[in-house]
Each structure stands twice: as structure tokens, then as C-alpha cells.
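Subject: Structure handover

Hello,

Here is the structure I promised to pass on. Please open it alongside this note, and my findings follow below.

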Amino acid sequence: MADAARPRALVVADSDSYLKWAVRRAADLREAYDVELVVVRNAVTPSAAQRAAAVDGRLHADPPLVTMEQLVARLRRDRPALLLLACRGPLIELLLLERLQGRRAADVVAAGIPGIWFPPTELGLLLRAACDLIIVHSIREREAVEAQLPPGRLRHVGLASLIEEEELGRADRPRIVFAPQALVPAAQEDRRRLLDSLVATAAAHPELDVVIKLRGLAGEAQTHKEAVSYEELAEGRDLPGNLVFAQGPLREYLGDCAGFVTVSSTAALEAIAADVPTLVLDEFGVSADVINAVFEGSDLFGGLADLEALRFRTPDAGWLAANYFHGQDDWVDVALAAGPGDPARMPDRLASPRQLRRRVFRRAVALGDEDGSVEGRLMRLARPLVRWLTGVLRRRRK
């Protein structure tokens, strides 16, 4: 039963990776708040299997699923002390600026990114400008975010850890683990080359299992849409028996792990925390677009030839201190100190005619077929007509 003397915190998650992050942040809050966690139905609602993997036994009960309408009604009726939106930017903007019309949803509204966010993106900050507090995960991220806060309520930056000590799973055989990402490498040919290298690694090292640790199975939604999965690329190929696809919490695969490889993934931090030798691939470039610029100076970069030769790396100590291994979190203290924020409404930037197309697109990204509003249903009915008109215009231009 909730303690009336303690402030209440409501944590809202939307996708698989945000739910995993939300569970960790909810644990941070429990010393100071009575905490409840829910998952809002949206365009990328995680499946039951994805929710189980994200929660990983760390909650007393599965988080309930709620609709956007139920969430809005609740916030209008019973405002919490803290609302933590562990959600993608378009859904946050839709909730705070459109559904709540810029009115205050909680005494303090917080948000964050469930992974590496360096350099921080201007759009990511803009979509969260109606929040009070942004949560980041390294000293470098905090400095970068503070230097480019957008106009709006967002004025506080708190620090939280992305990694934690966990009990690791064990295996009968040693293994190396590859953590794929939906966005990088972007080109299908590059993804095929990476799969070829994993196949070659497995064939050259039959004493090891090469595990491709999937974020979701075919048909399951993810935070970022994957153009072509490694499972699809592997269809019809003659694969070595020691190359396996697997799903579940990453910690289950880091025990007895001879090496970890990724292009750019927060999972690399989990591997480092578990003392697993790590390789961050620079084969496809090093830049903000490849989401690996943050690893510059880490001593973790290498190419596909290094993967096939099992040349994994140990990170630089100075890089660790500035990037994700800072040792002391303060975001909960920042939230408590922030107190009830400015009650003034946010500028309604969604109302201008030139923003209408962007508003429609972001609404579809946020909720998809889970948009139960009248406007959402009308948008879905109009979708075939819009696609037909777009096709007609393309053909006329040709």
C-alpha cells in the first residue's frame, strides 16, 4: 500500500529498450518515491517475450499495458510528483503538447535516452523540451546536453548509470557474442559483409560458439525499425553449427564469454562491466551517423579482420571515467530538488499550418494502429488515399 507521506512517481515506457531502461530507473527511485511502472500501447509495443526479457525478474509483477487515452485521463485526474517518460521522442511530444496541451503532467517531468547518446541530437532534445529534467549517462553527455538545451521547460540534467553488476549466465562452451543494431550499419551490403565475417569466425573457430544476440524475433516491434535483419540475411545459407541466433537478457550470454563485438551498442558497456574483452567495429566508419563517435579514445576499435582473428580489446581507463563509468549518480536528487516546475503552458508549436504534416507523421510514429482517438482513426482511414495520391504524383513527375 502506498505511503501517503511519500511522493509518488509514475514511470511510463513504450518500447523494448525503453522498458529495460525504465525498470532500472524505477529501481533508482524506490528509496525516495512510491513507484508504479506502466507500458503505454503504441506503434512499437513490446511483445510478452520482449517485456519478460526487459523486466528480467526485477519487478514484483508484470507492468500493465495502458492506452494513451487511459494515461491522459489518469494524469489529468491524479498528477504524480514525478512522471518519468521512458519513451521515444514523438510519443513524449504527442502526450505533453497535444494530448495534455502543454499543461503540467506532474510536479517534475523527466525523460531520457535508453543508451549511448553522444553527441546528443538537436531533434531528441527538441522533442523533450516540454520536460523539466533530462537524464543522461556520462559526464561527457551531461556537458554536451547542457551546452544545447532548447527553449522550453527543460532546464535540469541528471546523471544515471546505464550498467549494473548482474549475475551472469554460464554455458557449456566458450563463446563470442555479437549485438546487432537496427540502424547501423545502414546498408544491406554492409550488414551482409558483417554476417559473412561472423560466419567465417565461426568456421575458423569451431571450439567457440558465435552467438548473434537478437533484440527481437521476426514480427516483433523494436525501438528502431530494422530494414533487414541478420536472420533474414542468413535464410537459405549453409551456416556453421556453432553460429547460433539467440534471444533474452544479454547477461545470460556474457558468462564464459571470450569476446564481445558490436558496431555501436549500449550492450558494449554491459560487456565491459562484465570484464569481457570487447571489439567496436570501425569497418563502416566512425561518426555520429554510425553512432560510435563516443568510442573514440576508448582503444576498443577494430575491423572485421580483428573479429575473425579474435583480437578483442580492453578499454582505456581515462575513457571509462568520462564515459558511462562515472561512479556516482545524481538524477533522483536533481528531480527532488527541482520541485514543482513552472505552471505556464509550453508554446504550442504543433498548431502552425507548416507543422501539420510533421505532426501527422510523428503521431503515426508514436502510436501507429494503437491511436484510438477520432483523429487517429481518420488518419488510418485516409492512409490508403494518401499512398494512392503520392503514387499518382510520382508517376506524373516521371
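Start where two helices meet. Asp 16, Leu 19, Lys 20 and Val 23 of helix H1 are in contact with Gln 50, Arg 51, Ala 54 and Val 55 of helix H2. Bear in mind that this is a predicted model.

**The H1/H2 pair**

The axes of H1 and H2 lie 8 Å apart, at an angle of about 30°. That angle is under 35 degrees, so H1 counts as roughly parallel to H2. Their crossing is right-handed.

H2 spans residues 48–55, and its buried residues include Gln 50, Arg 51, Ala 54 and Val 55. These four sit on the same side of H2, because they cover an arc of only 125° around the axis. In general, an α-helix has 3.6 residues a turn, so residues three or four places apart point the same way. Among the elements covering the buried residues of H2 are H1 and strand S3 (65–66). Just past the end of H2, Asp 56 has a positive phi of about 50°.

**Arg 24**

Is Arg 24 buried or exposed? Its relative accessible area is 14%, which is under the 20% cut-off, so Arg 24 is buried. Arg 24 belongs to H1, which runs over residues 16–29. Leaving aside residues up to four places away in sequence, Arg 24 touches Arg 58, Ser 161, Leu 162, Ile 163 and Glu 164.

Gly 112 has Ile 135 in S6 as its bridge partner.

What is the strand order in the open sheet of 6 strands? It reads S10-S9-S8-S11-S12-S13, with parallel pairing. Strands S10 (243–247) and S13 (301–302) stand at the edges; each has a single partner strand, so one side of each is left without a neighbour in the sheet. Strand S8 (residues 175–179) pairs with strand S11 (residues 257–262) in the parallel sense, over 5 bridges. Phe 178 faces Val 261 of S11.

Helix H7 (residues 188–204) lies across S8, strand S9 (209–214), S10 and strand S12 (278–281). H7 runs at about 145° to S9.

**Ile 176**

Ile 176 is in S8. Its relative accessibility is 2%, under the 20% cut-off, so Ile 176 counts as buried. Its contacts, not counting residues up to four places away in sequence, include Thr 201, Val 210, Ala 258, Leu 307 and Phe 312. Asp 209 is another of the residues that Ile 176 touches. Ile 176 and Asp 209 are 33 residues apart along the chain, yet their C-alpha atoms are separated by 6.4 Å.

Best wishes

How values were computed. Residues are numbered from 1 along each chain as its sequence is written. This is a predicted model: local features need pLDDT of at least 70, side-chain atom pairs count only at pLDDT 80 or more; totals for chains, interfaces and linings use all residues. Side-chain values use heavy atoms; hydrogens and water are left out. Buried means under 20% relative accessible area, exposed over 50%, partly exposed in between (1.4 Å probe, protein chains only). Contact means heavy atoms within 4.5 Å. Two strands pair if DSSP finds at least two bridges between them. Axes are lines fitted to C-alpha atoms, for helices over the stretch in contact, and angles run from 0 to 180 degrees between N-to-C directions. The arc is that of the directions from the helix axis to the C-beta atoms. Angles under 35 degrees count as roughly parallel, over 145 as roughly antiparallel, 65 to 115 as roughly perpendicular and the rest as oblique. A crossing is left-handed if the near helix is turned anticlockwise from the far one by less than a right angle, and right-handed if clockwise.
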